[in-house]
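Hello,

Here is the structure we talked about. Please look it over; my notes on the sheet and the cavities follow.

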Amino acid sequence: MKDEDNGIAAGRAQSRSLDVLQSAAARGIRFRNRLAARPVAPDRAAVDALAAFDTPMPDEPVPAEDVLELLDTLGSPATVATAGGRFFGFVIGSSTPVTLAANWLASAWDQNAGLWAGTPVGSQLEIVCLRWLRELLGLDEHWGGAFVTGCTMANFSCLAAARSGLLSSLGWDVERDGLYSAPEIPVIVGEEVHPTLTKALGLLGFGRERVIRVPTDSRGRMRADAFPRLSGPSLLCLQAGNLNTGDFDPIREIRERTAATGSWLHVDAAFGLWAAASPDLRHLVGGIESVDSIATDAHKWPNVPCDCGIALVREADILRRTMSFSVAYLPEDARREPSHYTPELSRRARGVEVWAALMNLGRKRLAAAIECNCRQARRFAGGLADAGFEILNDIVLNQVLVSFGTEAQTLETIRLIQEDGTCWCGGTRWKDRTAMRISVCSFATTDADVESSLETMIRCAREARASVG
Ligand SMILES: Cc1ncc(COP(=O)(O)O)c(C=O)c1O
C-alpha cells in the first residue's frame with residue numbers, strides 16, 4: 001500500500017515536472033510564430049533588461065516553470081531573429097520546422113553521440129547521413145566523416161587528418177611522436193582564406209602565418225596560374241564559397257596541377273558545398289570528388305539548427321587513425337563508433353537533424369530551396385543596382401556586396417538598416433572598399449521578405465546620403 005502510494009506520488013511528480021516541456025514547446029511555437037512580425041534585431045530595452053539575469057545564484061530551488069518564465073520573458077526579446085526570413089548577416093542559416101522538431105525530440109532523448117552503445121539511433125543516422133552526402137556529392141564509398149560543432153571544427157578535423165596522412169606518407173607517425181623533428185609540410189592557402197581555417201592550422205602546429213598565400217583574382221578566387229611550384233607533399237587549402245563574393249577556387253584545375261606531388265587537397269566549403277545539391281549550380285564545385293577532405297556547415301544551408309559542422313575525408317581510415325582511442329571502460333561496436341572520427345568524445349547527436357533535413361527536403365526540394373536563395377540574391381543585386389547603387393561582385397551564389405557611395409554613406413546605411421529592424425545586414429571590406437554584405441541562406445526567406453528588405457535598404461541608403469552628404 002505504502003509502495004503504491006509512493007508510486008502514485010512519484011508518477012504525479014514526474015508528470016508535473018514534465019509540464020514544463022509542454023510550456024517550453026508552447027513558448028517556442030509562439031516565438032517562431034512572431035518571427036515574421038518582429039524587428040530582426042532586439043531593441044535596446046530588451047538588451048538592457050538582460051541585466052536582470054545578473055542575480056546571485058539562489059540558495060533555494062526555483063520551480064521549473066518560473067525558470068522557464070524568466071528565460072522566456074527576459075531571453076526571447078533579446079534574441080536576434082536569425083531563424084526568420086529577413087536576417088542576411090554572416091551566412092548563419094535558419095532552421096526549418098522539421099529540423100527544429102527533430103532537434104527538440106533528440107534533446108528529449110538526451111543522447112550522448114560519442115558511442116554506439118550510448119545511442120544506436122544517433123550513430124545509425126550519422127551512418128545514413130554520410131552515405132546520403134556521399135551520393136549527393138558524387139564521392140566514393142571510402143569517404144567517411146564526422147559531425148562537429150561548425151566549420152571551424154570541421155576544418156580542424158580535416159586538417160588533423162591531412163597532417164596525419166601527409167606525415168605518414170613521409171614515414172612519420174604524428175599521433176605517436178608529435179611534431180618535434182617531424183618533416184616540414186608546406187601549407188598553401190589563398191589570399192582570401194577564412195581566418196577560422198588559419199586558426200585551425202595554428203591549433204594543429206602548422207602556424208597561422210607559416211603559410212604561402214596564393215594571390216586571388218578580382219572575384220576572390222585563387223589564381224591557379226599563380227600557384228607555387230611544389231617540391232613535395234604539401235597541404236593545399238582551397239575555398240568553395242568566398243565569405244564576401246560567394247565565389248569558388250578552381251578546384252579541378254588545382255587538383256590536376258598538383259596531382260603528381262602527393263599533396264593533400266582540402267576544401268573549406270562552409271556554405272559553397274551545398275551548390276553541389278543543385279544541378280544548375282553543381283559546376284561551381286566541379287572536381288570536389290577528387291579532393292582529399294571537405295569541411296562544411298549543415299547549420300548554414302540545409303538549415304538545421306545551430307550548431308552542426310561536417311568534416312568529410314576521402315580515406316575514412318586516416319580520419320579514424322587521427323581521432324580514435326581505446327579504453328577498457330568504453331565498449332567498441334563492430335559498427336561505426338562515432339567518437340573514432342571526432343575530436344570530442346561526448347557530444348550531442350547532430351546526425352538526427354541532418355537526417356531530418358535531407359529526408360524532409362529530398363533531393364528536389366533541397367536543390368530548389370538553394371536555387372531560390374540564389375535567385376533572391378540576384379533580385380537584391382538587381383533591385384539595388386536599379387536604384388543606383390553599386391554592386392561590387394558577380395552574383396554566382398547567395399552573396400551580394402553593395403556600396404552605397406562613400407565609406408561614410410555605406411556605414412551609415414548599414415547602421416540605419418540595423419536600427420530599422422525590417423532586415424539585418426552587416427558590413428565588410430572588399431578590395432579596399434567598404435561594402436554591405438547580403439547573405440541569403442534561410443529557407444524561411446520569402447520573395448515578400450526580399451521586397452520589403454529591398455525597400456528598406458533603398459530608403460535607408462537615401463536617408464544616409466541626405467544626412468552624411
Ligand atoms: C568559408 C568559411 N569557413 C569557415 C567558417 C567558420 O564556420 P563556423 O562559424 O561554423 O565555425 C565560415 C563561417 O561563416 C565560413 O564562411
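Gln399 stands opposite Ser439 in strand 11. Strand 9 (residues 399-403) and strand 11 (residues 433-439) run antiparallel, joined by 4 bridges. They belong to an open sheet of 4 strands, order 8-9-11-10, with antiparallel pairing. Strand 8 (390-391) and strand 10 (426-430) are the edge strands, each pairing on one side only. Strands pair here if DSSP finds at least two bridges between them. Helices (H or I, at least four residues) and strands (E, at least two) are DSSP runs, numbered from the N terminus.

**Source**

This is a predicted model: local features need pLDDT of at least 70, side-chain atom pairs count only at pLDDT 80 or more, and totals for chains, interfaces and linings use all residues. Residues are numbered from 1 along each chain as its sequence is written, and side-chain values use heavy atoms, without hydrogens and water.

**Cavities**

The whole structure holds 3 cavities of 30 Å³ or more. A cavity is a set of points on a 1 Å grid over the protein atoms alone where a 1.4 Å probe fits but cannot get out; lining residues have an atom within 4 Å of a point. Volume is the space filled by probe spheres set on the points, which are joined across faces, edges and corners.

Strand 4 (residues 235-239) gives the largest share, 3 residues.

Phe325, Pro331 and His340 are among its lining residues.

Best regards

Methods: 1 Å grid on protein atoms, 1.4 Å probe; cavity = no way out; pocket = protein on both sides within 12 Å on 5 of 7 lines; lining within 4 Å.
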